[in-house]
Amino acid sequence: MSTPTTSFSREAAAALSRSKNEPAWLVAWREEAGEWASTLELPQPEKTPIQRWTLDVQGAHRPGAAVAAKADLPATITAQLPEQDVDALIVQHNSSVVYTRLSDELKAKGVVLTSLEEAARSHEELVRAHLMTAYARDEHKLSAQHAALWNGGVFLYVPRGVVIEEPIQAILFADDAEATFVPHILVVADANSQVTFVEHTFSELGENPSATLLHNAAVEVFAKPGASVRYASVHHLDSTAIDVTYRRAILDKDARIEWIVGELHDGNTLVDTKSILKGNGSTSDAKIISVGTGSQRMSITTRAVHYGLSSESDMITRAVMKNEATAIINGITKIEKGATKANGQQTEKVLMLSPKARGDANPILLIDEDDVKAGHAASVGQVNAEQVYYLMSRGISREEAERLIIHGFLDPVVSEIPVEGVREQLQRILERKLG
Amino acid sequence: MSSLFEIRGLRSAIEGKEILKGLDLKIDGGQVHAIMGPNGTGKSTLASSIMGHPKYEVTDGEVLLEGADVLEMGVDERALAGLFLAMQYPSEITGVTNADFLRSAINARRGEGNEISLIKFVRLMEGKMKELEMNPEFMHRYLNEGFSGGEKKRNEILQMMMLDPKLVILDEIDSGLDIDALKIVAAGVNAMRSSERSFLIITHYQRLLNYIKPDFVHVMMQGRIVKSGGPELAERLEAEGYDWVKEELGIVDETVGQA
């Protein structure tokens, strides 16, 4: 077992990759990224000084114990799962994937669900054609670090025309603060396919972990012509951990992505969720909620970039801010020249529950084409006194009235989470965070 | 015998401007009183001040429900004591369903450990919604969000029916209602009439009073009740307007607190 180290380089990346017996192309690919990781600059999210965060963390390769049966997973994980078997489930524990299940029915249809490490061998062509093409290895220091270090991970391929009714579930879990926990989720939805993917990322590191866990994750979704992908995600790590997550979707003609995201991490958070509407008639719908507690700092950015004619995007972010938490919420709608009849809408709403909390909503429209529609709305405010009065006038106490309004504020996203178990889990997290 | 509800010398201001200028009113159990008056005479201020809207500051007077001064109570306590105000402009609240809201309101009355069972609640709500000819879907819709004006008013009456208050104030419940909806709402109110419950109906038009027969009618001007009578007063107001009242009392401008 290697020890955590903060020095990172081309050699370290290659050595790690070789030690895991990765194919030669991947060793070289990681080596290159390792080089960039030592030379590139950090990203510069608006008003969030991430250079002060502990981001120069490599961690150690600490694979979880692979299991053959769901029941043999760590209890913390099984507690999150429904009792009956689901059609498709994949679990990462610390640095590796420890369990994968895909029903025979889905296998027979040609659906692939494996760890990304496995896919790099078994589906080299598909992986190489897509991996970090939406989120470039050399975008910045964190993307390069991610490329050099990603482990475990998920590869989902849905063949042309295949419609999967039941959601595909992924659990990404860390309980070792010294582990390298850098999952990459790659979803390729071929033409006219439909799939719902539900990912739950969480940690249990205990009171005083020996290291800062850096969850430096990435999600890439490729929706081919006419494909439709619903991607739901709930993130909830310990306050001592840092959550860096870049999500990207590239949409071909008439393809659709729906992002349903709960950013409920307790510590510092840097997330960036971007839909690239490349194809004509493609659509993107992003719904994101967050609750800021303690003294955590969050940078939450949602983007839509329109290239396709008549492409449409909608982004909604709602955040509740408590204690001394800070959130910088950016919505960026970009309509490129030539994307005629595109329509980009966005709304950011922040509910402030404490005078020491801070929530900035920054709606940005960048329009390079005339024949388009675009709109934004942003608000930052306290619990509406008129609403509290209305509820109280029916005998509901002030405390309960505020609780109803605050939970209600987040409900438009909570109620959209496609898996009941994950939705209930989310509600429990909200009860605790809002408590 | 003490009244069920009594207002004594009520003065109330909004943003430092006095609107109610010493209002007195006494309502006995089972009675229906109507307050009429032109716009801007303080009718809605009266309703909001009784309920305890945070924007209104009561500067003097008493409001007694069964002898207890509700002005000493918080808004929720007033409701638990038996006050109900059907509002002219009910709030829309995203994410809180009509059912969740009403269940919380009922449970606030029943207290911890004595909550209404879900099945019993659903049956009760469905039954009342049927009486008001409301679409059952409205049970799970967010509170008042996207409701039409008429739907909001019906939803207010639904709440009244489920919360079983002692004194009901209807603030312009007839505005925005077509005649069929008005009849349904009036039937709902009439079904609730009993010797233990009283009503204070604030309205602009006498139309509503064709369906809910008041025992007393009061005219409000300049933040006070200036004239009281029986149902015939409402009919005369409908036929002749308010000018004769102003003339009789020597009032030039009936409004109050207007810029």
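Select residues 92-169 of chain A in this predicted model. UniProt, in an unreviewed entry, lists residues 92-169 of chain A under "domain: SUF system FeS cluster assembly SufBD N-terminal".

Next, colour chain A by domain. Domain 1 covers 47-382 and domain 2 covers 383-435. Taken over C-alpha atoms, the centres of domain 1 and domain 2 of chain A are separated by 24 Å. To display the boundary between them, select the residues in contact: 23 in domain 1 of chain A and 18 in domain 2 of chain A.

Which strands of chain A each supply at least two residues of the side of domain 1 that touches domain 2? Select β7 (194-203), β9 (228-236), β11 (256-263), β13 (283-292) and β15 (312-321) of chain A to show them. Colouring this side of domain 1 of chain A by residue class gives 12 nonpolar, eight polar and three charged residues.

Now bring chain B into view and select the contacts between the chains. Here 21 residues of chain A are in contact with 21 residues of chain B. On the side of chain A that touches chain B, the elements giving two or more residues are α8 (385-392) and α9 (398-414) of chain A. Centre the view on α9(A), which provides the largest share of that side, 10 residues. By class, the residues of the side of chain A that touches chain B divide into 10 nonpolar, six polar and five charged.

Hide chain A and turn to a sheet in chain B. Six strands form an open sheet in the order β6-β9-β10-β3-β11-β12 (chain B), and their pairing is mixed. Strands of a sheet pair through backbone hydrogen bonds, in either the parallel or the antiparallel sense. Which strands of chain B lie at the edges of this sheet? They are β6 (83-86) and β12 (224-229) of chain B, each pairing on one side only. From one strand to the next, the twist averages 20°.

Finally, zoom in on one pair within chain B. Select β3 (residues 32-36) and β11 (residues 216-221) of chain B, which pair in the parallel sense over four bridges.

Conventions. Residues are numbered from 1 along each chain as its sequence is written. Chains are lettered from A and ligands numbered from 1 in the order in which they are written. This is a predicted model: local features need pLDDT of at least 70, side-chain atom pairs count only at pLDDT 80 or more; totals for chains, interfaces and linings use all residues. UniProt positions are given in the numbering used here, feature names are shortened, and annotations may be inferred rather than shown by experiment. Domain bounds come from an automatic or database domain assignment. Two residues are in contact if their C-beta atoms, placed from the backbone, lie within 7 Å. Ala, Val, Leu, Ile, Met, Phe, Trp, Tyr, Cys and Pro count as nonpolar, Asp, Glu, Lys and Arg as charged, and the others, Gly among them, as polar. Two strands pair if DSSP finds at least two bridges between them. Axes are lines fitted to C-alpha atoms, for helices over the stretch in contact, and angles run from 0 to 180 degrees between N-to-C directions.
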